Amino acid sequence: ERYDPTTGVTDEGGYRRESWALAHTGRWDLGTSDVQYYEETTERYTDTVPTDAVVRTLDGKFTAPIGKHTATVGFRFKETEATRSEFKDPLGSASYDTRTSEDRAYFAENEWRVTPTVSLTLGARLNDNEFYGEHLTPRGYVVWRAHDNWTIKTGIGTGFEAPGIRE
């Protein structure tokens, strides 16, 4: 049993999580591809607010060496479906049992080996969430391999991740 002081309710509850994944790495003449599909099912059960969720994610990227550069492009598609008895519409007062959310992201990155010991990486990611819109997040890094045992890295970047519907 668990007591929740915010609601004053004592209940018995639990949590169950199952996940599986399928992945493929392809080594081609032009470069390397990586594709992954994974799915996670969670179930939180209590006497007060049961919640079930399924998250499906497809990731992919392709990396290709081009002279002194290594270019990478990729994507991520994520769909979350949650069922809960007390969901509220964020734009109104309607209640519903099942809610879905879709996130999409696309990215590109270029690593340039300026010298044998210094590389510069520039990249950008476009996140698109159906509730929070589009967000472009750039980044840049410099890596200096000062010695076989010493690497110095510096960089700057921004990021965005929308809250999940389970949060």
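## A salt bridge to start with

Let us begin with a pair of charged side chains: Arg56 and Glu79 form a salt bridge, and their closest N and O atoms are 3.0 Å apart. This pair links distant parts of the chain, with Arg56 in strand E5 and Glu79 in strand E6, 23 residues apart. Glu79 is partly exposed, with a relative accessible area of 28%. Keep in mind as you look around that this is a predicted model.

Glu39 has a relative accessible area of 19%, and because buried means under 20%, Glu39 counts as buried.

## The overall build

Now step back to the whole chain. How many helices and how many strands does the chain have? There are 0 helices and 10 strands. Reading from the N terminus, the elements therefore follow one another as β-β-β-β-β-β-β-β-β-β.

The chain has 167 residues, and 23% of them are buried. Its accessible surface comes to about 11600 Å², and carbon and sulfur atoms account for 54% of that. Contacts tell us something about the fold too: among those between residues at least 6 apart in sequence, 42% join residues at least 24 apart.

## How confident is the prediction?

The average pLDDT of the chain is 85, and 80% of the residues score at least 70. Where is confidence lowest, and where is it highest? The lowest mean, 54, belongs to strand E2 (residues 9-11), while the highest, 95, belongs to strand E8 (residues 118-129).

## Aromatic pairs

Next, look for the rings. A search of the whole structure turns up 3 aromatic pairs. One of them is formed by Trp20 and Tyr37, with 5.4 Å from centre to centre and 50 degrees between the planes, an arrangement described as tilted. Trp20 lies in strand E3 (residues 14-27) and Tyr37 in strand E4 (residues 32-45), so the pair ties together parts that are 17 residues apart in sequence. Trp20 counts as partly exposed at 45% relative accessibility, and Tyr37 also counts as partly exposed, at 26%.

Phe77 and Tyr106 form an edge-to-face pair, with a centre-to-centre distance of 5.9 Å and an angle of 75 degrees between the planes. Why does this pair count as edge-to-face? The angle is 75 degrees, and planes over 60 degrees apart count as edge-to-face, so the pair gets that label. The pair links distant parts of the chain, as Phe77 sits in strand E6 (residues 69-88) and Tyr106 in strand E7 (residues 95-113), 29 residues apart. Phe77 is partly exposed, with a relative accessible area of 31%, and Tyr106 is partly exposed too, at 37%. Ring pairs also bring in Phe75, linking Phe75, Phe77 and Tyr106 into a cluster.

Glu102 counts as partly exposed at 38% relative accessibility, and Arg104 is partly exposed with a relative accessible area of 24%. Elsewhere, salt bridges that share partners join Arg16, Glu18 and Glu43 into one network.

## A closer look at Thr70

Which side chain does the side chain of Thr70 meet in a polar contact? The partner is Arg113, at 3.0 Å.

Leaving aside residues up to four places away in sequence, Thr70 touches Thr63, Ala64, Pro65, Glu109, Asn110, Glu111 and Arg113.

Note on methods: Residues are numbered from 1 along each chain as its sequence is written. Side-chain values use heavy atoms; hydrogens and water are left out. Helices (H or I, at least four residues) and strands (E, at least two) are DSSP runs, numbered from the N terminus. Buried means under 20% relative accessible area, exposed over 50%, partly exposed in between (1.4 Å probe, protein chains only). Contact means heavy atoms within 4.5 Å. Accessible areas come from the Shrake-Rupley method with a 1.4 Å probe; for residues, only the protein chains shown count as cover. Rings of Phe, Tyr and Trp (its six-membered ring) pair if their centres lie within 6.5 Å; planes under 30 degrees apart count as stacked, over 60 as edge-to-face and the rest as tilted. pLDDT is the predictor's confidence in each residue, from 0 to 100. A polar contact is a pair of N or O atoms within 3.5 Å; within protein, one must be able to donate a hydrogen and the other to accept it, and residues adjacent in sequence count only if both atoms are side-chain atoms. A salt bridge is a side-chain nitrogen of Lys or Arg within 4 Å of a carboxyl oxygen of Asp or Glu.
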